Amino acid sequence: GALAASADWALLGSALAAVGGAGAVASAVFQDRATGLRARARFVVGFVLAVDFAVMWALPIAVQGAMFKLVMLPYLRPPFDWLDTSKALRAFAAKHVYENPRHADFFATQLLFLVNFALHLA
């Protein structure tokens with residue numbers, strides 16, 4: 001059960017460390033002989049940052065986006081469409097928020113962003 005799952009995660013972590021370590025070493029060693037130590041260090045740092053992005057950011061963002069599209073979108077799209085097509089909200093935005101009334105199209109998205117931002121500050 002839990003022990004097997006933790007062993008799987010440990011194995012995955014070991015595999016990532018091995019690949020990351022081998023890649024970091026390869027990015028330093030397989031350079032032209034005239035390449036200085038600073039340039040080799042930059043290659044190593046670049047490789048480590050690329051692996052970090054791929055594992056810690058790109059994969060979770062892709063999974064989160066897929067889950068949103070498959071699970072949340074059918075429930076959240078109708079209220080957003082109602083808010084986005086509200087004539088009263090667009091009229092308010094055109095009169096009081098934007099200098100150019102055609103930009104009122106973006107008000108619902110900006111309003112939701114501000115509400116989300118304010119909730120995170122609270």
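Buried means under 20% relative accessible area, exposed means over 50%, and partly exposed lies in between (1.4 Å probe, protein chains only). This is a predicted model, in which local features need pLDDT of at least 70 and side-chain atom pairs count only at pLDDT 80 or more, while totals for chains, interfaces and linings use all residues. Residues are numbered from 1 along each chain as its sequence is written, and side-chain values use heavy atoms, with hydrogens and water left out.

**View 1**
Arg77 is partly exposed, at 43% relative accessible area. Asp81 is partly exposed too, at 30%. Their side chains form a salt bridge, N to O 3.1 Å. The term stands for a side-chain nitrogen of Lys or Arg within 4 Å of a carboxyl oxygen of Asp or Glu. Both residues belong to helix α2 (residues 37-84); they are four residues apart, so about one helical turn separates them. Helices (H or I, at least four residues) and strands (E, at least two) are DSSP runs, numbered from the N terminus.

The structure holds three salt bridges. One of them joins Arg90 to Asp84, at 3.8 Å from N to O. Another joins Arg90 to Asp105, with the closest N and O atoms 2.4 Å apart. Arg90 sits in helix α3 (residues 87-97) and Asp105 in the loop between α3 and α4 (107-121), so this pair ties together parts 15 residues apart in sequence. Through shared partners, Asp84, Arg90 and Asp105 form one network. Arg90 is partly exposed, with 28% relative accessible area. Asp105 is also partly exposed, with 39%.

**View 1. The largest nonpolar core.**
Seven residues build this core: Leu83, Leu89, Ala93, Tyr98, Ala104, Phe107 and Ala108. A nonpolar core is a set of buried Ala, Val, Leu, Ile, Met, Phe, Trp, Tyr and Cys residues joined through side-chain atoms within 4.5 Å. Helices α3 and α4 are the elements that give two or more residues to it. In soluble globular proteins, nonpolar side chains tend to be buried together. Leu83 is in contact (heavy atoms within 4.5 Å) with Leu89, Ala108 and Leu112, leaving aside neighbours within four places in sequence.

**View 2. Ala93 in helix α3.**
Ala93 lies in helix α3. This residue is buried, with a relative accessible area of 0%. Leaving aside neighbours within four places in sequence, Ala93 touches Tyr98, Ala104 and Phe107. Phe106 is 13 residues from Ala93 in sequence; C-alpha to C-alpha, the two are 9.1 Å apart.

**View 3. A nonpolar surface patch.**
Leu59, Val63, Met67, Phe68, Leu70, Val71, Met72, Tyr75 and Leu76 make a nonpolar patch of about 920 Å². Patches are made of residues with over 30% relative accessible area and no salt bridge; like charges are joined within 9 Å, nonpolar side chains (Val, Leu, Ile, Met, Phe, Trp, Tyr) within 5 Å. Areas come from the Shrake-Rupley method with a 1.4 Å probe, and for residues only the protein chains shown count as cover. Met67 belongs to helix α2. At 47% relative accessibility, Met67 is partly exposed.

**View 4. The whole protein, for orientation.**
The protein has four helices and zero strands. Of its 122 residues, 13% are buried. Among contacts with a separation of 6 or more, 26% link residues 24 or more positions apart.
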